[in-house]
Amino acid sequence: MSRSLHSSSVIPRGLVVDHVEAGADLTISAQPVAVSARCPNCDRPSSRVHSCYTRTLSDLPIAGRRVVLDVSVRRFRCVGTDCQTKIFAERLGPDLAAAYARRTARLDCIVHHLGLALGGRPAASFAHRLMIPASRDTMLRTVRRRAERPAECPNVIGIDDWAFRRGQRYGTLVCDLERRRVVALLPDRESGTVEAWLAAHPEIAIVARDRGGCYGEATVRALPHAVQVADRWHLMENASAAFLDAVRKSMAAIRTAVGAATINPERLTCAERLQYEGYLRREATSEAILSLSRQGMPIKTIARTTGHSRKLVRNVLRGLTGDVFRSRQSSLEAYLPRLDAEWASGCRNGAELWRRLRASGFTGSLRVVGEWATRRRRNEQAPDGSPGKVPSARLLARLMTTGRDSLTKAEAMTVATIEAAVPALDEARALLSRFHAMIRDRRRPDLEAWIEGATVSLLASFANGLRKDEAAVVAALAEPWSNGQTEGQITRLKLVKRQMYGRAKLDLLEARLIGTG
């Protein structure tokens, strides 16, 4: 059975339609259904009408047309003799429209959610397609105006830093791990700022953080009763970085073990020759820094004298020098078996090899294939017993931590040679495997024994750092909380920042993150 659609069913409740004019926009004249209104000062009801005026409101579009409500709003006389307000205008109600608003409440809700999801300019463009009259500034003002702080007090939080501008300015994100939402964005990552925020929330019992010292120190001062939990992913990543540093410190012994203590520049490709020349310059710089250190000069004075950064000077004194050849992901990785087969069949021309790979779906450049062919040809022409090219420290660290079943025969022989020639590095590799297994299986009793064993190994620096932060590391093995959720919220924050071209202020970022929590 067909039913007619009355105009009163498409306008907000609390209004009665007087007239509808259909032009380019749909204009609906209406008036409130209430016969009286309450004085905003004394709250007495009054039905004594003083005058009327027309209030224009934008409403949700209908059938591809914008809708304008012309509401006849009345002014009333207050009946209270002792009230200072003599004449007042009736309120339309929060479900219809807020005071002084130009949009109905339901349209304002749509504008708010568009601003939350898309930001300013994209939301305004999409709103124009939806026949919703709202500019980009209106979108952002609505998001800021309707932003609400979470009423719940967090008990378990995760805290981490994020970049306003990478390498220059950073902020701090605080996440409620129980309710899975952002609770605050702080303008910097200074210890004092974090300490002030934590002191204002004494109900916090657990703080999950990374292994940086700033947040740990602030938590100790502001919330000495709170349990600090080190992030398990960062623990495993720091252990891997410590093993990579151990490989770098052992590169001289590794080069001797694999028979590549000397490098023949004639066997290098053009790109490798450039890297080798840079390595020689870095070696000269390192020798100059070490000679000054032997004279008793402190790091700060060495940095001023040589003009190098203190980080570089510190790394040189710690033995963390760079590799001869940098390891990087090659687009040829997936095509190496095909290249070996073509080379074995007699195809030795780099351009022809590149054309055959292109037919198989390879999208890399001719230079990559040409350098591979040149390197392969020079290795075959070299006399037997001549030193070869030693892998980079990063590549060696990956090979030593990869299962033997996943290595080629040549890679397995290289790893076996290093393990036999540098037993301290093999011991560090075993300690790394034990540490990763301990973190994955959450074996808390094994921590003390592992630190004792690692203190006298190449991972001593990492073990000493764990000793200083042992309470947080123990909590990481005992508590279910971790900082992974906070990292996810930071990823969402980065998306919001990019949507707004990095120009969003802190309050707008916080409104968009908390408003969608």
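This report covers aromatic pairs, charges over rings and salt bridges in a predicted model.

Residues are numbered from 1 along each chain as its sequence is written, and side-chain values use heavy atoms, with hydrogens and water left out. Local features need pLDDT of at least 70 and side-chain atom pairs count only at pLDDT 80 or more, while totals for chains, interfaces and linings use all residues.

## Aromatic pairs

A pair of aromatic rings is described by the distance of the centres and the angle of the planes. Here, rings of Phe, Tyr and Trp (its six-membered ring) pair if their centres lie within 6.5 Å; planes under 30 degrees apart count as stacked, over 60 as edge-to-face and the rest as tilted. A search of the whole structure turns up seven aromatic pairs.

One of them joins F76 and F88. Their ring centres are 6.0 Å apart and the planes meet at 25°, so this pair is stacked. F76 belongs to strand 6 (residues 65-77) and F88 to strand 7 (residues 87-89), so the pair ties together parts that are twelve residues apart in sequence. Helices (H or I, at least four residues) and strands (E, at least two) are DSSP runs, numbered from the N terminus. Both F76 and F88 are buried. Buried means under 20% relative accessible area, exposed over 50%, and partly exposed in between (1.4 Å probe, protein chains only).

How are the rings of W343 and W372 arranged? Their centres lie 5.6 Å apart with the planes at 90°, so the pair is edge-to-face. W343 sits in helix 11 (residues 336-344) and W372 in helix 13 (residues 366-381). The pair links distant parts of the chain, 29 residues apart. W343 is buried at 2% relative accessibility. W372 is buried too, with a relative accessible area of 11%.

Elsewhere, ring pairs connect F435, W450 and F462 into a cluster.

## Charges over rings

A charge sits over a ring if NZ of Lys or CZ of Arg is within 6 Å of the ring centre and within 35 degrees of the ring normal. R169 places its charged end over the ring of F164, 3.8 Å from the centre. R189 lies over the face of Y170, at 3.8 Å from the ring centre.

## Salt bridges

Side chains of opposite charge can pair when their charged atoms come close. A salt bridge is a side-chain nitrogen of Lys or Arg within 4 Å of a carboxyl oxygen of Asp or Glu. The structure holds 24 salt bridges. The table lists some of them.

| Salt bridge | N to O distance |
|---|---|
| D161 and R189 | 2.6 Å |
| E352 and R356 | 3.1 Å |
| R467 and E470 | 3.6 Å |

R189, which lies over Y170, also meets D161 in a salt bridge. D161 is in strand 8 (residues 156-165), and R189 is in the loop between strand 10 (181-186) and helix 4 (191-199). The pair therefore ties together parts that are 28 residues apart in sequence. D161 is partly exposed, at 22% relative accessible area. R189 is partly exposed at 35%.

E352 and R356 are four residues apart in helix 12 (residues 350-359), so about one helical turn separates them. E352 is partly exposed at 26% relative accessibility, and R356 is partly exposed at 31%.

R467 is partly exposed, with a relative accessible area of 33%. Its partner E470 is partly exposed at 22%.
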